[in-house]
Amino acid sequence: MTRLVQDSEIDGFKIGPRIHGGAMASIYSVTYADGRTALFDMVMKVPLMRSGDGGENIVSFEIEHQLLQVLHGPHSPRFVAAGDLSRVPYLVMEQIQGETLESFIRTHRNQKQALSIETITHLGAKLAEALHSLHQQNVCHLDLKPANVMISKDDCMVLLDFGLSYHAHYPDLLAEELRKAVGSPAWIAPEQIIGVRGDPRSDVFAIGVMLYEMTTGELPFGSPTTTGGLRQRLWMSPAPPRALRSDCPEWLQEVILRCLEPQADQRYPSASHLMFDLRNPNQVIITERGRKIIRKGFWWHFKRWLKAAGMQYQASPLPSEQISEVPIVMVALPNNDVSDATLYALRQATIRSLGTRPGAKLAIVTVINTGIGAGSDSNQSETLLQRQHLASFKKWTEGLNLQNHQASFHVIESSNVAQALLRYAEGNKVNLIIMGAATHGLALQNFITTVPISVAMRAPCTVILVKENLPFEQIA
Amino acid sequence: MKLALLSDIHANLPALEACIAHANAQGADQFALLGDMVDYGPYPAETVERCRQLEQEGAIILRGNHDTCPTQESDADATWGNMATSWTFKQLNQDQQAWLAQLPLTAIIDNVFLVHATADAPEKWHYIHDERLASRSLDAASKNPEIRYVFGGHVHQQSLYYRGSGNRLMLFQPKNGIAIPVGTHRHWLATVGSVGQPRDGDTRANYALLDSETSQLTFHRVSYDHLIVAQTMRDLGLPEALITRLESGR
């Protein structure tokens with residue numbers, strides 16, 4: 001398609017200035033030709049199709065059209081209209097006001113300014129949150145890179161360009177019998193290189209590349225232009241970020257390198273788990289992966305290379321279940337006026353819940369009620385409070401088999417217990433809340449909503465209310 | 001046009017009624033019955049009458065391999081299949097049998113080719129079990145340049161075949177109730193499953209709905225009281241194999 005003429009009209013849209021011209025598509029600002037005001041600023045994306053262009057460009061356009069129509073929420077642009085493929089192919093969508101992550105990184109680089117660890121963590125968590133929202137809608141992006149991420153003016157991450165994406169409920173138009181790599185060389189995951197499409201953990205890998213890039217200023221695997229170069233990531237472990245940047249904390253390196261594991265099942269099982277770690281750095285369990293400052297030696301790499309060269313790289317099987325099957329389970333543990341029977345009942349419920357969910361993450365949360373003066377004086381730091389409660393937490397977790405579950409502890413101070421629990425659950429994309437049913441408030445519950453009831457009513461997820469076995473007359 | 005595609009009803013009137021009601025609720029304005037109205041199930045005569053009524057209301061109705069009386073008087077004791085068939089045609093009067101026998105094997109409506117089994121040889125009753133056989137049927141139908149969709153039944157499974165970026169057809173397993181975009185610049189072939197005798201472990205009745213305005217195809221599964229139908233079959237003394245099939249959906 002030739003360049004559109006400014007001020008011309010297509011299907012009721014008036015073409016404005018061209019704001020981007022890429023290798024695959026041009027983007028024009030557009031308005032309604034009849035002068036109607038739009039609810040938001042709009043852009044028209046027009047794919048570049050020259051004679052001799054492969055079908056892939058058209059297929060990408062088709063996929064993006066399909067996905068924009070069904071995606072919802074703040075992390076993808078709103079869809080307006082599409083032109084007929086056989087006539088004038090175009091997509092009209094919401095124009096996201098803000099800056100791409102690519103330009104944000106470039107600005108800092110040009111100013112010779114390293115991004116602070118806080119900024120990297122903040123951006124990473126926002127990115128993981130946006131990705132999780134996409135995955136919850138059964139979509140894998142599969143072409144995440146800084147150029148496809150917008151940081152909107154209200155500090156929300158919006159993902160762009162769904163041309164290579166995969167929808168679990170639609171036929172995959174990019175699939176073919178002779179599988180080959182589809183994606184951007186610097187950010188593409190190892191399993192994508194051998195043609196696997198549809199693993200949400202491929203997107204987690206791409207975020208790992210971006211975190212690495214933001215932290216060290218370098219790409220972990222460069223920008224390979226050959227197949228051999230691309231295949232390097234099947235066996236090569238990148239230089240540890242701490243070797244390139246001394247103020248990179250161990251926990252951040254642990255997080256980044258976990259995202260970059262060649263095997264998908266060694267990475268975070270879902271973007272929400274990644275977001276959790278980025279929002280709770282002091283809960284990250286640091287292994288040798290996070291501590292090392294020199295990369296693995298020649299022999300180690302040689303052995304991995306032999307395996308990969310011998311085509312022994314086996315992609316992890318695609319997750320068969322929905323991503324919420326690897327949930328974040330939150331237990332609200334009372335910290336005062338609590339009977340052994342309640343603690344026991346909560347532990348039993350937790351054991352049962354974790355037992356059916358391998359890999360689930362356990363977050364143990366307690367809220368210190370500052371409203372009734374039962375808690376501590378406000379000068380105490382969170383770390384000190386945490387330490388004080390850690391012993392009772394640890395004791396409570398005895399008897400839980402946490403071998404396949406990462407557990408973390410959180411102490412929150414608040415005068416509104418229900419609200420604090422709800423905020424925690426929302427902020428950390430918790431999938432299941434387990435809490436006591438607080439039977440001793442039952443007599444008053446017609447007049448005052450008890451904490452468990454208000455949590456259950458407003459929670460963004462399933463809530464299990466645990467009761468201890470009490471004699472009937474005590475409940476009545 | 002919202003085209004409801006129902007196939008392999010197999011004399012299961014409650015399942016047929018459930019699918020019709022569901023399709024009407026979805027706004028279906030054209031019905032197509034893709035063959036095998038009778039055999040196996042307990043309501044052959046009632047099902048034929050209901051289908052004739054649908055025909056008068058404008059439905060397209062095709063003939064399947066189970067809709068014609070076997071020419072030779074089959075040996076009723078030989079297999080449960082023969083037993084059911086000979087019972088079925090005893091329940092149908094001459095008029096009903098003649099109506100079934102005169103039904104066409106294929107039909108075209110706009111850009112849609114309809115057939116019970118395959119478009120390449122409708123009278124041979126080939127089963128579409130893989131991409132190769134699907135490809136033969138689709139290629140034969142799309143010799144007519146208008147055709148974009150080929151819909152059939154016969155295999156009692158819901159499947160969608162499409163072309164990816166390669167040239168070969170690919171199989172996609174649809175999910176219940178999800179509207180799948182099926183653009184008209186491509187060719188598609190679908191088997192719509194069975195209304196009256198599902199065989200994939202889910203006892204609910206199957207059908208599919210094409211919305212030609214939005215170019216979306218939705219595969220549906222509809223609950224009905226299949227246990228009552230099974231009990232009716234038991235009361236009639238129909239073969240146990242057919243009854244357990246309905247009870248288990250296999």
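Trainee: In what order do the strands of the open sheet of 6 strands in chain B run?

Mentor: This is a predicted model, in which local features need pLDDT of at least 70, side-chain atom pairs count only at pLDDT 80 or more, and totals for chains, interfaces and linings use all residues. Residues are numbered from 1 along each chain as its sequence is written, with chains lettered from A and ligands numbered from 1 in the order in which they are written. Strands are DSSP runs of E, at least two residues, numbered from the N terminus, and two of them pair if DSSP finds at least two bridges between them. With mixed pairing, the order in chain B is S3-S2-S1-S11-S12-S9.

Trainee: Which are the edge strands of chain B?

Mentor: An edge strand pairs on one side only. In chain B these are S3 (60-61) and S9 (179-181).

Trainee: Which residue in S12(B) is the bridge partner of B:Asp211?

Mentor: Strand S11 (residues 205-211) and strand S12 (residues 216-222) of chain B run antiparallel, joined by 7 bridges. The bridge partner of B:Asp211 in S12(B) is B:Gln216.

Trainee: What is the radius of gyration of chain B?

Mentor: The radius is taken over C-alpha atoms, and the globule rule is 2.2 Å times the number of residues to the power 0.38. Chain B has 7 helices (DSSP runs of H or I, at least four residues) and 12 strands. For 250 residues the rule gives 18 Å, and the chain B value is close to that, so the chain is as compact as a globular protein of that length; the value is 17 Å.
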